[in-house]
Amino acid sequence: MLSESMRRKLFYNTVMSQCFSSDGSCLVAGSLYGYVAVFEISKILRPLRTEYESRRPSYHIEAHPDSHVDSMVSTENFLVTGSIGEICGWDWKSVTSSKAEKTKASWTIKIPSENDSYDGAVVFSLAYCSANNLLYAGCNDSKIYVFSLEDGKLVTTLEGHTRFIHGLSLLDSGTQLASCSEDGTVRLWDLRKKENTNVLTPNLVDNIHRSRLGEWIGAVDFTEDWLLCGGGPKLSLWHMRTMQPATVFDLPDEGIYVAKIYEERIIAAGLASHVYNLTYQGEMLSSIPTSSDTTYTVVYQETPQRLFSIGGASNFLDICTNCNYRELSVQFAP
Amino acid sequence: MGKENDSDNTKKRRKSVSGNSGMSLKDGDTYKVIISYEEKEAMERLSENDSESFLSTCDNIRKAMNKIAKLKSNGDANAKDEIHELQIQTSLAFIELKKLNRMEKFRTKFARDSLISSKSSVDSKHLHLQNLLYEVMHLKKEVVKCLQFKSKDELIQLVSEEEFYKEAPENISRPEITKHNPHQLRLARLEWELTQRKQLAALCDELTENKKAVALSIESKQTRLDNLAPQLYSILEASKPLQESLGLLLDKVRQEHHKAALLASPLYVLYAKASAYRDAYDNSIIVKVEGDEEEAKRANNQDALQESDSDAETVSENVIEETPVHKKRHHRLSREARQEEKKTKLLQRHPLNVKIIIKLKNETKLTLQFYYMMSLKIVTVESKLKTDGIMDISTGDMLISESILRELYPRDLGLESPNPANYYQLNRYNLGQFSSLGLGIPYKWVQRMAGLHFISPDAREQRFTNGEITQDSVECVLREIKRRVIARLELCTEIRQLEYGNLPIFTANNDLLPQKLSTILQKFSTISWNNYCNNDWYLHWISFMRLYFVEAIVRYCRTIQYINLYFINELIARIAIKPDYPKIAPLFSISMSPTIHASADILRDIEREVNVMWIKQPTLSAQLQRLRACFDIYLESEGLVPKEKIFFHSVKGRTRARPYKYLELGGGIFIHR
């Protein structure tokens, strides 16, 4: 039986980040209270035996005590979590085994921070390129650090933003990176030359900006041809070559935290009680109701099991096996 | 030949006529005579002969006619006579015909008459037959009736035949007759039965007499004993001054113990445990037995009786219930009255109760009165809290003793009887919920104090309480009550202070709180449950643990110029305080004035900060203080008011959280969690 204060604490839990294990058998989520929950996908998709039973994670790891698990990414061998001042790697083998609860981080990278000790560099966003084994970390101090996972050394730092980084997006080829920030800009980086190639400021476009919600850009994603971003300003799709907005989406949201381009479609979520599934032209394909008022993370995988997982400001993750409706909800913590 | 016959006939006829003429003359009616004669004649003659003579006569007529016709045509003069002769013959022949005709008529009539007479005789015979058959049937019925007749003696159970022969005297059994005659045997056995019964009746009378005599002797002995009592009392009375002078409280204690002995057993257990606790730990507690002793004695006796014949009672009860209510109205009324009586019996309390008075500081004391429900077999408690302070209206039901004891242990609301059987007992008389009966409150801890244990319908709870059972002695409960009352009184003063707008100053604690704040407590008031529920999104949390609700309105107010009439920054917090306060922190649910466009996330963050982010369970005032700080920070970070606090970034992280965490560095800074 949980104590009253524990129940209250969990009521205010927020799922900050998610990813899938490298073999696709597990879903991993990180919370505001520094916990990482490991779900075995085959287990959570199994029907419940009784009414009182609820779907729970298989393992619970206290990854960053007294901190947040703000971001995570999956590499071939490791689960990489980003928190205050550090990035930790966790061996997939132990994370998905019964010893998970006692696992210690396999390696830790400290983020070089300035003297400002009370406001250490927090890793808000992570991106990983398997081609050259590089890890990109968007941080609190407006910088993007590039680490080599071979030796854990800092390769380079991309500077340009003036406020903290909300999100990163990497092109599959590993040649280009997009970042979005609280300062209201989206920057494109050429990774070979390690320089800033383009700066977009959606807030300056008349039909995109929403002064009430601010100028921050909460999410970005891009392909060779298109770039999707949104935040305080409305969700918008930009043409990569001309750097002009092609479509502006009118969603009933109070801020965008998730924007993804997936199979020629757009998935968007944020401060709204639904996750939206749209075409490039702005046509609504479906809207999935969520357990939380705000969605901070949406992840998906195709193999071995097609799965969407939505996490946000609640103790529940919403799972879809199809991007049209919510299939079930799982508890992050008991 | 025909002629001859004719002549014969005529001769005969004449003869007969002349033969009878004498008679007919006498009668004066020749006609009748003739008729009777002719009838006779007709019977004698054969109809075949008549038909032959008829044919020949007809032939003669025809021949004569032909002759006449021939003669006339000849026109012979001689013929006239011959014709005349022929005419006469023909006429005679006609007469002959007529005669024949009459004969025939007579015969026909006769035949008809004889037919009718024989028919009527057949009818009468048939009728007779029918009568006889009916008679037979009737007789048969009578026989059956006779056979079916049941005699009274068949119902009497008799001793078996062998026993009868063995026991009955010779003059009654008379074996020589009865062995062969079953009827006589029966009579004899009946007689034997009668004599035996008479003997038994006599014996019965004799025994009753004996009984009366014994009762009389008992009574006389009882009166003698009773006469002894006053003497003993006077001796006791006389010994009192001696006891007092020796400083012995024997009598008082004995009286109390004597009274306690009359308590219902669960209350006795409670009394024994509580007085032991008093003697061992806490002399300030008063344990007493109250109530009418005489009535208790009576109730105890009744109880014992009831238990012995409870089976019989239930049977008779069933019978009564089965009798249909159809006859008269007063019948029904009495039934209702009976029902009412049963109801009161069901809800009867034992006349003695245990009173425990817990004295707290000053004049504040809590009185607990424990009652035993005789039929429901549970113990209930009534409590009264006496405070010395002024009872403020705003404290509402906070100090009502029921609310103090509510949920002394988790889930123990005392709304329903812990004895699962009572549900059915109460339902039978449509008495509804136990709490509506006003018989005190059957908390589970009360049952445990009295040594009663019931199976809980909730398996989870069962598991839950089992762990606690070790600490469930009277001692723990009393300590818990004391702690609860003190906590409640403190809460009361805290709330009263807040209502007057006095925010206490905090000294160093585990959780640091800023002191200099712009937001003030504008209003602090009690609200009802319904108000609290209004657009509340986590109702399910508190529904069964609610106790007391307050609403706090805080307003940002630095200098006058910022309280723009059109632009007041206000935050309303609805606070639910649980019975277990301060063990469990109050729960804040907040909303902001519509001029501030705060998203659900912002509210959630502030609520998390106020409700959850504490190292130790906070007090209501501490939470309010932090709420004020959070509101300041939110407004400042949002740029709605000028920045005054020290923080590095207004928002941080993907959640765009505000720096709500306070650190005492320099003048105090705020950082993000």
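A salt bridge here is a side-chain nitrogen of Lys or Arg within 4 Å of a carboxyl oxygen of Asp or Glu. The model is predicted: local features need pLDDT of at least 70, side-chain atom pairs count only at pLDDT 80 or more, and totals for chains, interfaces and linings use all residues. Residues are numbered from 1 along each chain as its sequence is written, and side-chain values use heavy atoms, without hydrogens and water.

**View 1. Salt bridge between chain A and chain B.** The count is 1. Glu182(A) meets Arg656(B) through their side chains, at 2.6 Å from N to O.

**View 2. The side of chain A that touches chain B.** Helix H1 of chain A (residues 4–11) gives the most to this side, with 6 residues. Helices are DSSP runs of H or I of at least four residues, and strands are E runs of at least two. The side divides into 15 nonpolar, 9 polar and 10 charged residues. Nonpolar covers Ala, Val, Leu, Ile, Met, Phe, Trp, Tyr, Cys and Pro; charged covers Asp, Glu, Lys and Arg; the others, Gly among them, are polar.

**View 3. Strand S6 of chain A, residues 78–82.** S6(A) pairs antiparallel with S5(A) (residues 71–74) over 4 bridges; pairing needs at least two DSSP bridges. Val80(A) is the bridge partner of Val73(A).

**View 4. Hairpin of S6(A) and S7(A).** S7(A) spans residues 86–91 and pairs antiparallel with S6(A) over 5 bridges. Gly89(A) is the bridge partner of Val80(A). Between the strands lie 3 residues, and Gly85(A) takes a positive phi near 75°.

Conventions. Chains lettered and ligands numbered in written order. Buried < 20%, exposed > 50% of the residue type's maximum accessible area, 1.4 Å probe, protein only.
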